[in-house]
Amino acid sequence: MTATQERTAALRDQLVAWRRHLHMNPEVGFHEHETSAYIEAELNKMLGLTVTRPTETSVLAVLKGGKPGRTLLLRADIDALPITEENTFEFASKNAGVMHACGHDGHTAILLGVAKLLSANPSEVPGEVRMIFQHAEEIGPGGAEELVMQTGLMDGVDLVTGLHLNSQLPAGMVAVKPGPFMASPDMLELTIQGRGGHGAHPEEAVDPIAVGAQVVTNLQHIVSRGVAALEPLVISITSFHSGTTHNVIPDRATMLGTVRTFDAELRKRAPELIERVVKGVCEAHGATYTLNYEFGYRALINTDWVAEQLKAIALETVGPEHFRDARPTMGGEDFSAYLQKAPGAYFNVGSGSDREDSRWPHHHPRFTIDEDSLETGVKMLHAAALRLTLPE
Ligand SMILES: [Zn+2]
Ligand SMILES: [Zn+2]
């Protein structure tokens, strides 16, 4: 074992303790008061870090390295989700209706671990490492946007990286890819206004359920017929509400949906493509509509050369047998906000295993992680902190 490997292994119990404490005490975005106080207290136990609060519930730890070099930002998100946990282990959520179902408890523990390793040996660290424990990844407009736009966090940052645990990837695996990695998650809200009436006499009404069903079906024509097959686009209507009983045609139907792509141009065109369908179908059947469209996080496009460096670091740190080229996903991530200001790359660490029953999808009430993934995450981010450099 190298000295670094020994230090990482010694950290394992601590990582698990951090993660379980966070898992048991989840808080949703913009309300991470106890979470951020806990993180701050843990960071203050480490030597040589400057710990501050860029926003009410985020925490920043800065370490000045002993060697000259770049300024690197490492990011972990710290918020939980409004989900009722169904796990029964002893560290399951104590906060009713709130759960760490995305692995952000793990991300936070990993970055605390990296802070501990770096602060134990600052002389080996090049430049400056800023470690941001970011609030509110799961809730738009997102904590990253706030940190980037309203604080000086990114001033002077040359490079940024961070990771997401991934239950669909076996624990211990690392996956990186250059270029498009995660999609832009935009939202739509649609109300179809018909005319209510008696269920027995549809001819006297304008049935918003029948019209809405046509809209849902026709929106998929945009994906299958309106956009080139090699331009990934997802349109999902995820909520459809109308009516109250069996013999009344309701007045209106309301829908919510998500629209995802990697391509900035297609993203701009999507609202118009969608409205054309909604308008056409509604007009054909005598209904009217209101459509609200909200742009969410930007697509996450990794900087190629940073991703290549991370790949090289992974091959050396975890070995080729634990490395995989990542596949892009239609999921969204506000890590993309940092990439507006500096080059960088986001990557995945596998957390799925049968041993820990941790292959449930993210945001599922049974979600959990294989805690071995914490060590893998620390090894990767620690190596990145020591080795990521600007190109010559
Ligand atoms: Zn999530
Ligand atoms: Zn997440």
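Does glutamate 42 count as buried or exposed, and at what relative accessibility? I looked this up first: glutamate 42 counts as buried, at 10% relative accessibility. I take buried as under 20% relative accessible area, exposed as over 50%, and partly exposed as in between, with a 1.4 Å probe and protein chains only.

Ground rules. I am working on a predicted model, in which local features need pLDDT of at least 70 and side-chain atom pairs count only at pLDDT 80 or more, while totals for chains, interfaces and linings use all residues. Residues are numbered from 1 along each chain as its sequence is written, chains are lettered from A and ligands numbered from 1 in the order in which they are written, and side-chain values use heavy atoms, with hydrogens and water left out.

Entry on salt bridges. I used the rule of a side-chain nitrogen of Lys or Arg within 4 Å of a carboxyl oxygen of Asp or Glu. The count came to 24 salt bridges. Glutamate 42 has such a bridge to lysine 45, with the closest N and O atoms 2.8 Å apart. Lysine 45 counts as exposed, at 62% relative accessibility.

I then looked at arginine 12, which bridges to aspartate 372 with 2.5 Å between the closest N and O atoms. This pair links distant parts of the chain, 360 residues apart: arginine 12 is in helix α2 (residues 12–24) and aspartate 372 in helix α9 (residues 372–387). Arginine 12 is partly exposed at 24%, and aspartate 372 is partly exposed at 34%.

Lysine 279 and glutamate 283 form a salt bridge at 3.8 Å between the closest N and O atoms. Because they are 4 residues apart in helix α7 (residues 264–284), about one helical turn separates them. Lysine 279 is partly exposed at 42%, whereas glutamate 283 is exposed at 55%. I also noted one network of salt bridges with shared partners, joining Arg12, Arg355, Glu356, Asp370, Asp372 and Glu375.

Entry on the zinc site. I found the zinc ion (ligand 1) coordinated by Cys102 (SG), Glu138 (OE) and His363 (NE2), at 2.1 to 2.3 Å. Donors here are N, O and S atoms within 2.8 Å of the metal (3.2 Å for Na, K and Ca), and sites may look incomplete because water is not among the atoms. Along the chain the donors of this ion have the spacing C-x35-E-x224-H. Cysteine 102 bridges the zinc ion (ligand 1) and the zinc ion (ligand 2), which lie 3.1 Å apart. Cysteine 102 is buried at 8%, and glutamate 138 is partly exposed at 22%.

Entry on glycine 142. I placed glycine 142 in the loop between β4 and α5, where it is buried at 2%. Its C-alpha lies 8.9 Å from that of glycine 296, 154 residues away in sequence. Leaving out residues up to four places away in sequence, glycine 142 touches Phe30, Ala136, Tyr297 and Asp334, contact meaning heavy atoms within 4.5 Å.

Entry on rings. A search of the whole structure gave me 4 aromatic pairs. Phenylalanine 89 and phenylalanine 91 are stacked, 4.1 Å centre to centre with 15° between the planes. Rings of Phe, Tyr and Trp (its six-membered ring) pair if their centres lie within 6.5 Å; planes under 30 degrees apart count as stacked, over 60 as edge-to-face and the rest as tilted.

How values were computed. Helix = DSSP H or I, 4+ residues; strand = E, 2+ residues; numbered from the N terminus.
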